[in-house]
Amino acid sequence: MSAIPDTFRAYVAEQRKDADGTAHIDRGVREFAAADLPPGDVDIRVHWSSVNFKDGLATRADGRVARISPLIPGIDLAGEVVASADPGLTVGTPVLAHGYELGVSRHGGFAEFQRVPAGWVVPLAPGFTAHDAMAIGTAGFTAAMSVVALEDRGLRPDDGPVLVTGASGGVGGTALAILAERGYEVWAVTGKPDEHERLTSLGAAGLLTRDEVAGPGKPLESERWAGAVDAVGAATLPYVLRTLRTGAAVAASGNAGGPALETTVFPFILRGVALLGMDSVTVPISRRRAIWDRLATDLRPRALGEHVSEVTLDTLDEALDGIVAGTARGRWVVRIGD
Ligand SMILES: NC(=O)c1ccc[n+]([C@@H]2O[C@H](COP(=O)([O-])OP(=O)(O)OC[C@H]3O[C@@H](n4cnc5c(N)ncnc54)[C@H](OP(=O)(O)O)[C@@H]3O)[C@@H](O)[C@H]2O)c1
């Protein structure tokens with residue numbers, strides 16, 4: 001079973017070392033042989049992929065994300081099934097896949113075709129296009145997971161203001177758009193003054209600058225937030241912890257500002273605050289499919305598709321470098337093929 005041509009176009013990242021041991025990465029589009037794909041149950045013609053922070057790291061010599069070389073990066077993809085050994089995923093079914101090993105230790109979405117295990121595949125909900133799916137992508141899925149985690153713990157719109165950090169980026173911007181659509185009073189933290197108007201149009205009721213949240217503070221400050229979504233980490237997450245209201249939670253998924261976390265235990269032991277870790281990579285497929293179904297319905301982000309820039313395999317470099325440099329404004333989708 002294969003409907004993948006002998007060779008197809010793919011963006012490939014290959015690590016190499018100089019004689020003196022210095023690491024380099026060669027990256028760009030090349031013809032890739034189908035024979036070099038790993039085994040799998042489902043062949044997918046990829047129509048769209050997207051650019052996530054992890055993809056930026058997977059294409060850098062110092063990124064510490066890629067587990068194989070050469071690697072077709074791209075931690076998510078959407079397209080249609082062109083061959084399948086799984087009776088539940090017939091030829092022509094529109095699908096997406098992300099997480100698990102995709103784009104890290106197994107070839108990913110920056111390619112015209114990909115082969116994956118059936119247990120990684122999510123059929124697209126009716127009325128949801130492959131472009132919609134990748135406008136959301138892994139970052140947006142993580143935002144949805146964060147909202148679900150907070151609401152599963154009891155958060156409701158009338159509980160009070162909710163904070164979203166890194167709001168101009170993929171996780172933050174989608175969390176803002178989902179929460180606003182659900183009726184929350186959302187406050188957005190951004191380091192980009194020229195994004196204020198866009199974030200307000202996405203639904204931000206108030207804005208904080210990155211400087212307002214990144215400085216040192218007392219172990220506990222005035223109780224302000226009924227909940228929070230944070231993908232920045234670094235100095236931002238300690239601010240969130242010391243300003244959450246009693247019993248509130250933050251869903252933490254990222255380290256766009258850095259991985260270190262310096263806090264005290266007081267938010268936990270004096271206010272019962274909860275730090276909820278979000279890992280989109282390992283989510284079991286049944287839960288993953290359920291969250292994607294909700295992204296097409298009651299968790300559909302406001303203005304889906306309006307804050308998206310388009311690149312192709314040939315113009316990926318700028319987006320990959322930009323996302324690591326922190327210049328993201330909304331999401332980048334990758335048009336594959338015609
Ligand atoms: N746990 C998971 O499963 C999972 C899934 C997806 C993503 N992530 C992680 O979540 C993070 C965000 O991913 P993303 O795709 O949303 O990236 P992104 O689109 O680049 O957004 C990150 C945002 O963080 C802010 N930021 C960037 N550098 C910063 C710095 N030095 N200090 C403070 N804020 C900074 C910027 O927003 P402003 O300029 O508006 O402040 C930026 O737009 C990454 O660490 C990524 O690896 C984790």
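Visitor: How far is a polar side-chain atom of Lys192 from an oxygen atom of the ligand?
Guide: That distance is 2.8 Å. Keep in mind that this is a predicted model.

Visitor: OK, and what about Arg210 and an oxygen atom of the ligand?
Guide: A polar side-chain atom of Arg210 lies 2.8 Å from a ligand oxygen atom. For Asn255, a polar side-chain atom sits 2.8 Å from an oxygen atom of the ligand too.

Visitor: How much of the ligand does the protein bury?
Guide: The protein buries 87% of the 910 Å² that the ligand exposes when taken alone.

Visitor: Which residues come nearest to the ligand?
Guide: There are 26 residues around the ligand, and the nearest are Ser168, Val171, Thr190, Lys192 and Ser280.

Visitor: What kinds of residues make up that shell?
Guide: The shell around the ligand has 10 nonpolar residues, 13 polar and three charged. Helices α2 (130–152) and α3 (170–181) each supply at least two residues of it.

Visitor: How many residues line it, the largest pocket?
Guide: The lining has 49 residues, and Phe53, Val171, Ala231, Gly254 and Ala256 lie nearest the pocket's centre. By type, the lining splits into 24 nonpolar, 20 polar and five charged residues.

Visitor: And which elements supply at least two residues of that lining?
Guide: Among them are the helices α1 (53–58), α5 (210–214) and α9 (316–325), plus the strands β9 (186–190) and β15 (331–335). Helices α2 and α3 each supply at least two lining residues as well.

Conventions:
Residues are numbered from 1 along each chain as its sequence is written. This is a predicted model: local features need pLDDT of at least 70, side-chain atom pairs count only at pLDDT 80 or more; totals for chains, interfaces and linings use all residues. Side-chain values use heavy atoms; hydrogens and water are left out. A residue is near a molecule or strand if one of its heavy atoms lies within 4 Å of it. A polar contact is a pair of N or O atoms within 3.5 Å; within protein, one must be able to donate a hydrogen and the other to accept it, and residues adjacent in sequence count only if both atoms are side-chain atoms. Accessible areas come from the Shrake-Rupley method with a 1.4 Å probe; for residues, only the protein chains shown count as cover. Helices (H or I, at least four residues) and strands (E, at least two) are DSSP runs, numbered from the N terminus. Ala, Val, Leu, Ile, Met, Phe, Trp, Tyr, Cys and Pro count as nonpolar, Asp, Glu, Lys and Arg as charged, and the others, Gly among them, as polar. On a 1 Å grid over the protein atoms alone, a cavity is a set of points where a 1.4 Å probe fits but cannot get out, and a pocket is an open set with protein on both sides within 12 Å along at least five of seven lines; lining residues have an atom within 4 Å of a point.
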